[in-house]
Amino acid sequence: MIKTNTFPTIRMKIDRLLKITNRYRFYDLVKAIYCINLCINNRSVLESCLALNACLIEYVEQGSQEINSYDSFKNFFKRIYDIMKPGIADDYTVEDFGEVRIRYDNKFYRVIIGTDHNNVFACFFCLY
């Protein structure tokens, strides 16, 4: 079970998403969630993307629905769309194409979290 104080509504999102994700085949689900997390337009919904990743950890197969075409992917996304909308813990900034770096001992290190995008709000929130 995922526990966090940083994202107060994540447990609710995970539980709602699990009702949907557990109906799909695991391999198809992994590919779909990877595509959703990779999409730059979803960069601001960090809590939701983490909730989707948590669904893979807590996955219990209850169905055999497939996501094997673009249309089936769109149908899957339509089912989770209302849950994926930005919440109170999400970064409402527009996408930026810069990068966040942390300077330590006169060396700069890129900050990359989970989705391979620099999430400025999340990075500074964790550093605060």
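**Entry 1. Terms and model**

I began with a definition: a helix axis is a line fitted to C-alpha atoms over the stretch in contact, and the angle between two axes runs from 0 to 180 degrees between N-to-C directions. With that in hand, I looked up helices α3 and α4, which pack at an angle of about 130° with their axes 10 Å apart. That angle makes α3 oblique to α4. I note here that the model is a predicted one.

**Entry 2. Overall layout**

I then recorded the secondary structure, which comes to 5 helices and 2 strands. Reading from the N terminus, I found the order α-α-α-α-β-β-α. The protein has 128 residues, and 38% of them count as buried. Among contacts with a separation of 6 or more, 75% join residues 24 or more positions apart.

**Entry 3. Helices α3 and α4**

I returned to the pair from my opening entry. α3 and α4 have a right-handed crossing. On the α3 side, I listed S48, C49 and L52; on the α4 side, I listed I80, I83 and M84. Sorted by class, this contact has 5 nonpolar residues, 1 polar residue and no charged residues.

**Entry 4. Helices α1 and α4**

How do α1 and α4 lie relative to each other? I found that α1, residues 10-21, and α4, residues 70-84, pack at an angle of about 165°, with axes 10 Å apart. Angles over 145 degrees count as roughly antiparallel, and α1 and α4 are therefore roughly antiparallel to each other. Their crossing is right-handed. From α1, the residues K13, R16, L17, I20 and T21 meet F76, R79, I80 and I83 of α4. By class, I recorded 5 nonpolar, 1 polar and 3 charged residues in the contact of α1 with α4.

**Entry 5. Helices α1 and α3**

Next I checked α1 against α3. Their angle is about 50°, and their axes are 9 Å apart. This makes α1 oblique to α3. I noted a right-handed crossing for α1 and α3 as well. The α1 side of the contact consists of I10, K13, I14, L17, L18 and T21, and the α3 side of E47, S48, L50, A51, L52, A54 and C55. I sorted the residues of this contact into 9 nonpolar, 2 polar and 2 charged.

**Entry 6. The nonpolar core**

Which residues have the most contacts inside the largest nonpolar core? This core has 24 residues, and I wrote down L17, L52, F76, I80 and M84 as those with the most contacts inside it. Helices α1, α2 (26-38), α3 (46-57) and α4 each supply at least two residues of the core. The helix that gives the most to it is α3, with 6 residues.

**Entry 7. Residue L52**

L52 sits in helix α3. Is L52 buried or exposed? Its relative accessible area is 0%. Buried means under 20%, so L52 is buried. Setting aside neighbours within four places in sequence, I found L52 in contact with L17, I33, I36, I80 and M84. I also looked up the distance from L52 to L29. The two are 23 residues apart in sequence, and their C-alpha atoms are 9.7 Å apart in space.

My last entry concerns backbone angles. Most residues other than glycine have a negative phi. D105 has its place in the loop between β1 (101-104) and β2 (107-110). For N106 I recorded a phi near 60°, again a positive value in a residue other than glycine. N106 lies in the loop between β1 and β2 too.

I then asked about accessibility: are D105 and N106 buried or exposed? Exposed means over 50% relative accessible area. D105, at 62%, is therefore exposed. N106, at 59%, therefore counts as exposed as well.

Conventions:
Residues numbered from 1 in each chain as written. Predicted model: local features only at pLDDT ≥ 70, side-chain atom pairs only at ≥ 80, totals over all residues. Heavy atoms only, no water. Helix = DSSP H or I, 4+ residues; strand = E, 2+ residues; numbered from the N terminus. Parallel < 35°, antiparallel > 145°, perpendicular 65-115°, else oblique. Left-handed = near helix turned anticlockwise from the far one by under 90°. Contact = heavy atoms within 4.5 Å. Nonpolar A, V, L, I, M, F, W, Y, C, P; charged D, E, K, R; others polar. Core = buried A, V, L, I, M, F, W, Y, C linked by side-chain atoms within 4.5 Å. Buried < 20%, exposed > 50% of the residue type's maximum accessible area, 1.4 Å probe, protein only.
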